[in-house]
Amino acid sequence: MIPDGCALAVRNGVVCVVGERGDVRSDCAETGVFANDTQYLSEFEVSVTDRGAPESGWERLDRRAGPDGVTTVLVGAAPGEGRGGARRCLLQKDVTVDGDVVTVETTLRNYTPTERVVDIELTAASDFRHVFECSGFFAARESVDRDVTVSDRESGAELSGTSPDGTTRGATIQLEGGQTASVEAGADASGATVERTLELSAGEAVSVVATARLRPTRGRVDRSLEPSVSMASHPGLFDAAADTLRALLLPEGVPAAGAPRFVAPFGRDALLVGFQTLPFAPGLTRSVLTSFAGQQASTTDPETLAEPGKIPHEGRRGDLPALGRSIRSPYYGTVDATPLFAALVAAYAEWAGEDAITDELYDAALGAVEWTVAAGDEEGVVWYEPHDHEYGLAHHGWKDSDRSIARPDGTAATPPVALAEVQGYAYRALRGVADLAASRGDSGLTERLTERAERLHEAFDRKFWLPDEGCYALALDADGVVDAVASNQGHALWSGLVPPERADDVIDWLLAPELLTDAGLRTYSAAHDAFDPLSYHRGSVWPHDTSIAAMGCARYGRDDAAAALAERGLDALATGATGDAGRWGFPELLVGLDDPDVDAGRARHPDACEPAAWSAGSAFGFVRAALGLGVNSGTPVAEPATDDGTGPGLGTVTEATIYCRGRRYAVRHSSDSTVVTPTCRASAARGSPDRDHPEVTTDG
């Protein structure tokens with residue numbers, strides 16, 4: 001998604017992508033300062049020139065990136081002769097994001113034997129493009145003309161852009177101790193330059209701070225998310241995953257899907273993160289549910305695919321939706337977010353207790369399950385049609401790229417389409433909300449939803465089963481069965497839709513080399529002609545996909561499979577999280593090869609967001625599978641997956657803090673025992689989900 005020479009900092013829904021030398025440069029399309037789906041700055045560069053060696057330039061020496069920001073270390077040319085006489089200056093740029101402010105702290109260290117005089121120049125520029133117009137992330141749409149003005153400010157300037165829809169966005173840039181040298185607004189360039197001169201004695205270090213303050217602001221995020229998990233075989237992995245989720249949290253109370261191009265609330269992604277992290281961070285799950293309940297559709301709109309009860313697919317901002325250059329926001333082009341929402345409300349009730357489900361959440365779950373019923377045929381099978389809109393989606397499941405749903409020879413599915421995993425989500429929603437209705441004494445609703453679930457259960461097995469393959473098909477379409485073997489059936493396992501007598505066959509297929517790599521599950525069987533390990537959804541490896549399947553294997557008591565998937569998935573995440581200090585380590589997807597030449601299947605995919613929320617959440621999903629976490633009569637239980645003693649089951653010490661029914665529990669698993677011990681009532685910061693979200697300022 002971003003070139004190897006780039007890195008990003010993200011916080012509060014604001015992203016700063018920097019290039020090779022730690023700056024935002026207009027000649028690198030992938031860099032920029034982004035918020036509210038707008039590129040606020042296309043250039044934000046701090047350049048340093050040594051007057052004694054003005055042509056020397058700087059070379060990158062080191063790069064560190066993570067949830068706290070990006071640090072780039074540069075080294076200057078070496079005045080002096082010979083190996084012993086060469087002495088250098090060192091330049092360090094620390095990029096951080098806090099609220100609506102991006103900060104670049106530039107520190108210069110003079111290791112030469114003489115005083116150095118350096119000129120520092122901050123340049124900033126913007127045309128306030130929408131993220132969909134940025135060629136570094138998408139197939140760029142035609143640019144919109146915006147009225148950009150630039151004006152002087154003390155030690156800086158203010159850049160402001162007004163769109164044809166009347167919305168105005170701005171960025172105030174400053175250089176500590178600097179003097180504004182120029183401002184310019186025009187068709188070709190709109191920006192400003194701020195200058196400062198420094199004198200550094202021999203051995204001295206001096207820091208200068210440059211800032212960009214964006215408006216309108218998004219508000220600050222409550223970062224009380226503190227899941228506590230440790231695994232001896234993967235030290236530091238879960239702290240990194242928690243840090244990543246905190247960094248991706250939006251003021252809405254949900255994690256952004258991924259940076260840099262999906263820094264927005266996505267229903268499916270956030271809901272699956274809620275499932276992955278539920279025992280460890282119930283407050284995050286509650287926050288996700290509360291946010292999307294507030295966005296549940298109440299009317300019908302063919303342009304956005306809103307229908308009563310439906311949960312949105314994504315919520316974009318910026319001016320293109322208002323200008324008709326994109327689908328209006330929120331967009332409801334999803335068939336799976338709505339049943340996932342209802343199922344997550346029920347799962348949250350199981351862990352937090354039925355009394356934790358407010359009337360508002362219960363009503364939202366009812367609306368979601370009623371939409372799910374209405375979207376199904378008389379047998380309960382849930383279908384979707386492509387959205388006939390210039391910017392609409394052809395596919396409405398998690399594999400939503402245009403060519404993702406196809407037969408083994410690559411022939412595209414003929415709409416309407418019914419996906420295997422969506423039937424599982426619908427089944428889980430029906431059963432879960434039926435239980436909620438029973439707890440509230442609504443026997444009529446319980447009976448109706450239970451009967452519907454059983455009808456779907458029977459229809460799924462009859463319609464999707466591939467007897468020659470011994471597993472379930474990817475989908476149904478208007479022409480019959482889309483008989484491709486894919487990872488989607490792992491989600492049906494997780495949902496409990498697979499009959500017990502079929503489970504072993506399905507799981508054995510997941511463990512087959514056509515699907516399983518050293519990094520996790522391929523999305524599509526390598527045995528098919530249409531398999532493409534470099535595709536987005538037809539052979540690549542997605543960590544969240546593997547984590548869902550691992551939890552499904554644990555549900556059916558297949559310890560060997562749960563352990564195998566968890567081991568591979570955790571190894572792949574750990575390789576990324578700890579193997580390269582310049583990357584975040586939680587990529588959205590990986591290349592679906594299984595070859596030592598590409599790091600045993602762990603090669604990053606060129607189109608992957610990094611970091612991605614549901615990849616970071618997968619670390620916790622794998623632990624759920626490996627520990628076999630569940631709830632029995634209101635009490636948490638752990639039934640760890642065991643393999644041959646070398647994987648994440650029997651062979652490694654794992655400790656976690658989990659929350660159930662308002663109480664905190666310590667879980668400790670070692671080679672000879674697994675203990676779940678109540679510790680105390682959950683604290684407000686960790687266990688209580690009833691926290692108000694800060695007000696979110698939107699800009700259309």
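A: In this predicted model, H6 packs against helix H7 (residues 420-439) at an angle of about 140°, and the two axes are 10 Å apart. That angle makes H6 oblique to H7. The crossing of these two helices is left-handed. On the H6 side, the residues that meet H7 are Tyr362, Ala365, Leu366, Val369, Thr372 and Val373. They face Ala426, Ala429, Leu430, Val433, Leu436 and Ala437 of H7. Sorted by class, this contact of H6 with H7 has 11 nonpolar residues, 1 polar residue and no charged ones.

H6 also packs against another helix. The axes of helix H5 (residues 337-352) and helix H6 (residues 359-374) come within 8 Å and cross at roughly 140°. H5 and H6 are therefore oblique to each other. H5 passes H6 in a left-handed crossing. From H5, the contact draws on Thr338, Pro339, Phe341, Ala342 and Val345. From H6, it draws on Leu361, Ala364, Ala365, Ala368, Val369, Trp371 and Thr372. The contact of H5 with H6 is made up of 10 nonpolar and 2 polar residues, with no charged ones.

Read together, the two contacts show how H6 is used. Ala365, Val369 and Thr372 of H6 take part in the contact with H5, and Ala365, Val369 and Thr372 of H6 also meet H7. Tyr362, Leu366 and Val373 are among the H6 residues that meet H7, while Leu361, Ala364, Ala368 and Trp371 are among those in the contact with H5. An α-helix has 3.6 residues a turn, so residues three or four places apart point the same way.

His313 is found in the loop between helix H4 (282-293) and H5. With a relative accessibility of 4%, His313 counts as buried. Leaving aside residues up to four places away in sequence, His313 touches Pro265, Phe266, Gly267, Arg268, Tyr331, Tyr332, Gly333, Thr334, Leu393 and Asp400. Pro330 lies in the loop between H4 and H5 as well. The peptide bond from Ser329 to Pro330 is cis, with omega near 0°.

Helix H3 (residues 267-277) has 11 of its 11 residues buried, so H3 is largely enclosed by the rest of the structure. The buried residues of H3 include Gly267 and Arg268, along with Asp269, Ala270, Leu271 and Leu272. Also on that list are Val273, Gly274, Phe275, Gln276 and Thr277.

Pro260 has its place in the loop between helix H2 (237-248) and H3. The bond from Ala259 to Pro260 is cis, and its omega is near 5°.

Pro260 is also one of the residues touched by Phe137. Phe137 lies in the loop between strand S11 (129-130) and strand S12 (147-153). At 5% relative accessibility, Phe137 counts as buried. Not counting residues up to four places away in sequence, Phe137 touches Met1, Ile2, Glu30, Phe34, Val131, Pro260 and Arg261. Phe137 and Ala29 are 108 residues apart in sequence, yet their C-alpha atoms are 8.4 Å apart in space.

Phe34, touched by Phe137, leads on to the loop between strand S3 (32-35) and strand S4 (38-41), where Asn36 lies. Phi of Asn36 is near 50°, a positive value in a residue other than glycine. Asn36 counts as buried at 4% relative accessibility. Asp37 is found in the loop between S3 and S4 too. Asp37 has a positive phi of about 60° although it is not a glycine. At 8% relative accessibility, Asp37 counts as buried.

The structure holds 0 disulfides. Cys16 is in no disulfide, and the nearest cysteine sulfur, that of Cys6, is 11 Å away. Cys16 counts as buried, at 1% relative accessibility. For Cys680, the closest cysteine sulfur is in Cys660 at 14 Å, too far for a bond. Cys680 is partly exposed, with a relative accessible area of 28%.

Methods. Residues are numbered from 1 along each chain as its sequence is written. This is a predicted model: local features need pLDDT of at least 70, side-chain atom pairs count only at pLDDT 80 or more; totals for chains, interfaces and linings use all residues. Side-chain values use heavy atoms; hydrogens and water are left out. Axes are lines fitted to C-alpha atoms, for helices over the stretch in contact, and angles run from 0 to 180 degrees between N-to-C directions. Helices (H or I, at least four residues) and strands (E, at least two) are DSSP runs, numbered from the N terminus. Angles under 35 degrees count as roughly parallel, over 145 as roughly antiparallel, 65 to 115 as roughly perpendicular and the rest as oblique. A crossing is left-handed if the near helix is turned anticlockwise from the far one by less than a right angle, and right-handed if clockwise. Contact means heavy atoms within 4.5 Å. Ala, Val, Leu, Ile, Met, Phe, Trp, Tyr, Cys and Pro count as nonpolar, Asp, Glu, Lys and Arg as charged, and the others, Gly among them, as polar. A disulfide is a pair of cysteine sulfur atoms within 2.5 Å. Buried means under 20% relative accessible area, exposed over 50%, partly exposed in between (1.4 Å probe, protein chains only).
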